[in-house]
Structures are given as structure tokens and as C-alpha cells.
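Biologist: Could you walk me through reading helix contacts and cores in a model like this one?
Modeller: Gladly, let's take it one feature at a time.

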Amino acid sequence: MATREKSGFLVDQYTNNRQFCRLRSGVFQVFRSAEGGKVNTISLAQASVSLHPDGELEIRSTSGAPGKDLLLQAADDDEAAAWVDAVNREIESEAKKEQSSQHLMRNGTAMFKYNYSNSKRMRRQFWISEAGSELCWGKAKTDEDAKDVSKVDLRDCIGIIYGPMTTTFVRCAARREDPAWACFSLLFMGRTLDLACVGDTQVRAWFHGLQRLITRVGLSPAMPLVSDATFITQKARWKLTDDAHAAGKTVRVHLIRSLKVMHSDAALQQQLAKLHEEGRRETASRLAQLQAQATKARPASNGVTKARAVPLSATGSGGDEALLAQVAHLTSRVRTLEKENQELRGGGADTVGSQVLRERVAELESQLARVDGDNERLAGKATNSAATSQELDHVSGKLQRAESEIARLTQELSSLRSGSESSSAALEASRLEATKAQALAESLQRELDARSDQGSSLQQEVSKLSRELSEVQQEKLALQGQVKVAERDLGLSQKELEAARATVAKSAKLQKALQTSIQTLHENAKAIRSTQAGIRSHCQTQVRSITDDFIPLRERLLGVVNDHNELNRRYVELFEERKKLHNLVLELKGNIRVFARCRPMKDHEKKDEPKGERTISADSQDDTKLGVYSEVDQRRKWFDFDKAFLHGENQQQVFEEVKPLATSVLDGYNVCIFAYGQTGTGKTYTMEGPKEDPGLNTRCLQELFAIKRQRSATADTSVTISVTEIYNETIKDLLDSNKNKKLDVRIEKDGSVGVSNLVERQVDTVEDVQASMNEASSNRSVAQTDMNEHSSRSHCIVTVKTVVEQKDPKCKYVGKLHLVDLAGSENTNRSGAKGKQMTEASNINKSLAALGDVMMSLQGKSEHVPYRNSKLTMMLKDSLGGDAKTLMIVQISPAQTSCVETLSSLNFASRARNVELGKAKKNVVKG
């Protein structure tokens, strides 16, 4: 059964603002006014409500999202209780809906799953595990641990999208057999699960049920829920879109034509007119009944005023609020009048009090007359008779109570007027007696003043004697204290004398015993000296024997130490040899080499670190291993790469490891070095670096110029540089000020990849390079997010081409070096991206996902590698596959708050390290 909408004005206790509140379809909404301006929205599927004294109600969100709790003030306790009851009914209704959807999902239904890799659609049975944390599917519902059952962990899910919005649905658009309103997708880090239901009921139950499960167990507990009303609106839009596209029209044109058809339908227009007329008559009849009942129920006010029925609309208007304010003011006036009446009763009736009372009554009558006039003007504004009844009874009750108070006070005024005339004479007599009493009091006061003067002089003399007596008593107490001290000192002296005498007697006895003991000790000392001489002789004999045995033992110990040192030296040599052999194997296989680099921790991140455990740790014996500790899983996962920089290594140390690979471009190799990782981990710092401590871009070119000078006698070397960025899947030339120039990726005849119309600038010195890099950096797209103050919003690719013409023998080496600063993978829930930044983040994540698909295809040695899915993978085609040398530097954060993103980056890097590209080949042109 549908719940009736409730709305009205409440006061926000946090901001003290009067706001319009509306309860509808499981959602509590707050607006600045009745006309609109939404301030807050709470889904009652994740909320609780409580009633406080003085008409306050509190609505708390259980989702964990900040800024969702409300503390509201109603006009009175009855109104607050009515709001609480209405909200509780909606909460119970939402709970029943959730139970129904959970029952359906646990029993399972048939749905269709779309695959990205082959664009196929499969029909499978889907259900939720008993624990409620996994989504399972198979050809039929069976045991969750069966071999043919697939499943995903909803605890890794980061969101849910309604409609065919993901890359998979876009790719399968031409072959999609299901309507758009039946599709939805679950979002995970780096992948999606794309599904389609059969029927309105199923898609509604699955979507609402899954989004509640995700907020309960997933990675986004604060994810805002899509309400049922919003879901139905979106579904209607998708249906309109499908109908319009089926008719070959736009949605706007299709909707206008449908409305014109409905308007031209005479039967439909007659039915609508009939319903409108019936509703108007019913509303008018009900309003007349309510006004008649209110007029009949309102008692007369002794000729003071005559109140009329006040029709109010269900949602409230400006006139209604003014009327309620006047009623409240009227009640306050009545209370003031009662207080003055009580004062008149207590102090006797007089003409002045009667006059004040008459003025108050007159003012009250004029105000009631104004209220009556406003009431007549508001009578024509009634639009909703069902809601009018409740508000009419409420306001009429207040008017009746005010009128009854006025009638009661009018009667009391009449009685006071009659009593005031009889009490005037008595009041005049009491005034004469009061005058006589006042004269007698003045004479008695004069006599009392004379007696007081005499008493004050006596009082001064008594005070003087009291001070003298106090001084004598203080002197007496001081003397008594001195006597007690002297007596105590005398007693102590006698005790000390007796103790001294006893000590002297005891010392005499001890002296005699001491002399006897000294004689005994002399005799014992002689015996000890003789024994000592024998022991010394024996010890000397033993020492000589041990010394003779120590020489061979020392020689053996020195041999063990030498052997240990030799083993350590051999271990170091073998470890270095192992690394060289490992690098040689990787070079022969053509594996992508992977370095890991961790940025330093920021001050605001230290408070979230787990106690006793560092999030990122290294193996002290092996600089190729690193471990990541997850506070959620309470365990550490270890990774193995070609090199790990975890101890704050500087830019030069990183370059020394990269240098052999980068300089091989002069030998005719294609080389690609790219930095990968989430936003804010230091990719741009590693690749570009600040001016005082440059990164790999500048250092690699410095080294190429140094080698060029060394080989100048035997070879002529030319170096050109180009800088591009990929922004929102559009290639831009950062060395050209023409923003409208179109660039595209092309495949050359020799199979290499190039970009048309790209500026390639020849550089001969480091200063030329620095000028070009500064120009490119100023044109690059950056923005500020919650995770990075200067977040790169595009992929930056520095391409260095070298041509080395050897003089003897004559040959030409052509090499290409890609230095790539990838944009950071971004979790939009944490980075706070909105609007334009959300579009940028979506394109960044799409291109990085395409890079991941290429890596997976290369690892699996697939026949088809999807380079064309992104401009990024197209530009790096001849570096990621074929004969190139590739190095990936994965940048990570040391903070526990980024643990999920760190593990995702390292897992991707581990997969990339297993990709075999084949042995790299030189590009040599002979002759």
C-alpha cells in the first residue's frame, strides 16, 4: 500500500533555519522553501528516528555519510509525534521491501551476463550466498563451492550503476538484446560485472537489494542509495529512450508527438474533463462542510468578535503561516491579561487597573477583527480539502480556546467593575488611617535616632576595651607556648644523656671482644697466606698448560672467521651474478622490467597508521622484495620485483638503475619507460622532478648528450624531442601553441608508430631540453583534488628519437625512447572529482583499463591484442609489443588509507612483470 506524502515546515536546530520538509516514497527531503532549493536528502532504508522533549525529532543516517543527520523542531509535541510516526512507517515499509528483495536474491533468478572480451551474452542462474557477501552464478543453482559455480566478493565492490553505461555495454551495443531499463553493472577496481534482468519486478528487486548489500559489506559504505522514486524515474527515461530510438526519433521529438496524439484523442480528453469536474465538485462540497462545521462549533464571544472557518492548504502558504503567527500572538496576549487580572485581585481593584484591562480587551478585539479579515481572504485559497480538514481543526481549536479565555476575562472584568465601586469608599478611609500611622512612625523614628547616637559612643568604648583584651590574651598564649617548648627541650636532653651513658658501656664491651677477634684474624691470615702460595703455584702450572693449548685453538678460530668472510664475499658475488643472469634471462625473454618506488609519508597520514606495523616494509637482505600490510585483512602480502626503492632513495640513485636501459637507445633499440600508480604517489616527480632535482626525463637526455660527445670522433649523433599529452582521449602537441591542430596515431610502413602533424624539435644541449620541457609543462592539464594538490589530468609522453651514423664501418642506428608519465588511477569517491574532473577521471581510468587489457593479452600470448581500445595503447604499440625494451616504475603510497589502491597497483605490476615481449632487436641500416 502506498504511503501518503507528508510535508510541512520544521526548524533545523543546527542552523536555526526554518525549512520545508517532505516525506515521500522512502525518502526524507529538506528544502530551503516550499518552492525548492534542496538542502539534504536521507534514504530511510538507512536511517532511524527518535522523539525528544519540547517538540524535537532526530533523524540519523546509518550509512556513515557525513552531514546526513538532522535535528528538527516542530511547532508542538503533537506535530513532532505525527512526523515520527510517519517516518517510522516509511522505515518499516523499506525494511519489508529489503526482506522481499533478499528472499528473491537468495532463491535466485535467471539473468543475462555480458562479457567484454568476446561481446557475448550468456544466460545463467544468479543468487546470493548464505553469508550475504558473495554473488554466485552458474547454469543452475547448486552448492556455492561447486567447480562450475562462479562468484564475486561483494566486499570488493565499489558501486552499482543502473543502465547500459559501462564500456562492456557500449562495446556490445550493436548486439545487445535486452532493453536498456533492464541493465545494470557492478563496479570493482579495474573491472565490471554487467548484467540484464527479465521483467520490471526482477530488475527493481535486484538493483535495490544489491545496492543495500554493497553499502553494508562493500568498499563504499557511504555510497548514497538510489531511492525507489529516482529508480522509477530513471527507468521511465530509459524506456522513453528505447521507444524513441525504435521509432528512429530523438526522445524530445518522440515525446512531443506522443503528447499530440494523446491530445487529439477525443475519448481520452472527455474522460479527463469528467474526472477533473468530479474532483472539483468533491473538493467544493468537502470545503463547504468543513466551514459549516467550524462555524457551528465556534461559540459566541459576548459580542466581542465572531470567528470564521480557516481553510488551509496541505502544504501551507504565506497567508496560513501569518494566521498561525497571529494566533500564537493572541494566546500570549491572553496570558498577559490573566497575569494583570491576578495582580488586580491581589492589590485591590482601582480605576487605573480597570482602565488597563479595558485597553487590553480593546486591543485584543481589534486583533481578532484583523484575524477575522485575514481569515475571509484566505477562504478562497483552499486547494486540497483532505489536508484542509486536519489544519482547520487545529487552528479552529486554538481560536475557540482564545475566545473562551476572552469571554472568561470579560466576565471577570464586569465583576471587578462592580466591586471597584463598592471598595472606593473603604479605600479612602484606609488612606486617612495610613496618613495618621505615617505621622506616628516619623515621631518614633526621631526618638530612635537620638537613642542611636548615645549607643554609638558606648559601642566605640566597648570596641576599644575588646581590642586591648585580645592583645593581652595573645601575649599570654605566646608565653605558654615558650614554656612548653622549654619543657620539651629539657626532657629530650635528659634522654640523650642516658642514651650516651649506655653507649659508652656498650663500647667498652665491644672493644674487648674486638681485641680477641683481631688476634684470631691474625692467626687465620697466616694460614691463608700459606694456602694462597700453594694455590698460586698450582694456577701458574695450569695457565702454562692452557697457554700451550690456546695457540692451536686461536689458529682454528681465525680460520673459521676467514672462512665466514670468504662465504660472505662469495654470497655477494653470487647474488650479483644471479642478478646479472636474471637480467640476461629477462632480456632474452623480453620481459617487462618492473621497479617499485614508495614516496615519503605525509604528516596527516601518520595518525591512521596501524600500531606496531608499517604499511610498507622491505626485506633487509633483498632489495627486490617489498611487503604491504592490510589492517582490514590483518596480514602482509609480499611482492617480488626487479628493484624496490623504499628507503627514500634520491633521483640519482633511481637513474643509475635506469641508465643502462635508457642509453641503449643510441645502439638502435626502442625503449619505453613509464610511471604507473594511483594519483598522488609521485609519478610526475619521478619522471619530471623539480628544477633543482630533475627526474628521469632530464637525466636521460643529459646522459645521451654526454655519450654523444664521447663518440663524436667515430659517429655523428642527432637527437630530436617531441612532447604530447593524451587528454580525454584526444592527442595534444604540447610544443605547439595551435590548440585546434588535429593529431592522430598512424602506423608507418616499417611497422613503427607515429603521430601525424607532430612538432619534433632538434635539441643539442641540456638547456634546449629544459626550455622544451618548461614549455610542455605549462601547457599540460592539471587540477586540484582531495588526494593531490596538483593532479595530472592527462598522460604525458616525451618521445626522444636518435639517429647515430657510424663512420667506420658505415651504418646507421635508429632508436626511439618513450618517457611516459601516466595520469593516476583515481577512486572518485576519495578524490572528490566532480563535473569536468569526473569526466577526466572517467577517461583516465578507461585508458588505464585498456592498458591492463593489453598486458593481460600479452601475458596470455593472445592472438589479438586490443591496442586500438585507447589512444595511449596505440601510441605505445611498438614499445609494449614487438622488439622493444620496456621498464615500468610502479609508484605507491606508504599510507594505510591507500592500502586498497596500493595492492591494486602492485598486483597489476606483478602481472606486467610476467609479460614476455621477446628479445629486443636493433634498428640498423647498413651502408
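**Helix packing and cores**

Modeller: Leu-240, Thr-241, Asp-243 and Ala-244 in α4 meet Val-251, His-254 and Leu-255 in α5, where contact means heavy atoms within 4.5 Å. This is a predicted model: local features need pLDDT of at least 70, side-chain atom pairs count only at pLDDT 80 or more, and totals for chains, interfaces and linings use all residues. Residues are numbered from 1 along each chain as its sequence is written, and side-chain values use heavy atoms, leaving out hydrogens and water.

Biologist: At what angle do the axes of α4 and α5 cross?

Modeller: Axes are lines fitted to C-alpha atoms, for helices over the stretch in contact, with angles from 0 to 180 degrees between N-to-C directions. Here α4 (residues 228-246) and α5 (residues 251-264) cross at roughly 90°, their axes coming within 9 Å. The two are therefore roughly perpendicular (65 to 115 degrees).

Biologist: And which residues touch the most other members of the largest nonpolar core?

Modeller: A nonpolar core is a set of buried Ala, Val, Leu, Ile, Met, Phe, Trp, Tyr and Cys residues joined through side-chain atoms within 4.5 Å; buried means under 20% relative accessible area (1.4 Å probe, protein chains only). Among the 49 residues of the largest one, they are Leu-626, Phe-674, Met-855, Leu-880, Met-888 and Val-890. Elements giving two or more residues to this core include α15 and β30 (885-892). Leu-880 touches Phe-674, Met-855 and Tyr-867, among others, not counting residues up to four places away in sequence.

Notes: Helix = DSSP H or I, 4+ residues; strand = E, 2+ residues; numbered from the N terminus. Parallel < 35°, antiparallel > 145°, perpendicular 65-115°, else oblique. Buried < 20%, exposed > 50% of the residue type's maximum accessible area, 1.4 Å probe, protein only.
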